[in-house]
Amino acid sequence: SLDEDFNMVLYNDNGQVRLGLALKFKEEVANPNEIIAPLESSLPQGFAALLYPADTSLPAAVTFGTGTYNNFPVRYANVAPEKMYSFDYILQNKLFYIGNSKEVARKTFEAGVK
């Protein structure tokens, strides 16, 4: 359901390099929320190889909380608190912004909406 093209953001978050991805859904996807909702608890595992170091142990399923950033809903889950890793995402229309920390998710979103 995702296009093959994506943008990557590297961000220095208090001395640690954090990674964000900006992806977009294919045109035929009418409502990205309907696709994400049933998969949400396993999203961190699905993106683990891209977002987290190999020695980071992630739970198989996580529970997400909801916040806001610039009036957009943000979904987040702390996936490796001991290493200060989370999985944060923002859906805006057919754009999907994710990050392995709150700050990089925000920076990825800001870069994408310019």
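I began with Arg106, which is partly exposed at a relative accessible area of 23% (buried means under 20%, exposed over 50%, partly exposed in between, with a 1.4 Å probe and protein chains only). Glu103 counts as partly exposed too, at 25%, and forms a salt bridge with Arg106, the closest N and O atoms being 3.7 Å apart (a side-chain nitrogen of Lys or Arg within 4 Å of a carboxyl oxygen of Asp or Glu). Both residues lie in helix α4 (residues 102–113), three residues apart, about one turn of the helix; helices (H or I, at least four residues) and strands (E, at least two) are DSSP runs, numbered from the N terminus.

I noted that this is a predicted model, in which local features need pLDDT of at least 70 and side-chain atom pairs pLDDT 80 or more, while totals for chains, interfaces and linings use all residues. Residues are numbered from 1 along each chain as its sequence is written, and side-chain values use heavy atoms, without hydrogens and water.

I then looked up Arg75, which forms a salt bridge with Glu40 at 2.7 Å between the closest N and O atoms. This pair links distant parts of the chain, 35 residues apart, with Arg75 in strand β4 (residues 72–80) and Glu40 in the loop between α1 (32–36) and α2 (43–46). Glu40 is buried at 12%, whereas Arg75 is partly exposed at 22%.

My last pair was Lys83 and Asp55, whose side chains meet in a salt bridge (3.1 Å, N to O). Lys83 lies in the loop between β4 and β5 (85–92) and Asp55 in the loop between α3 (48–51) and β3, so the pair ties together parts that are 28 residues apart in sequence.
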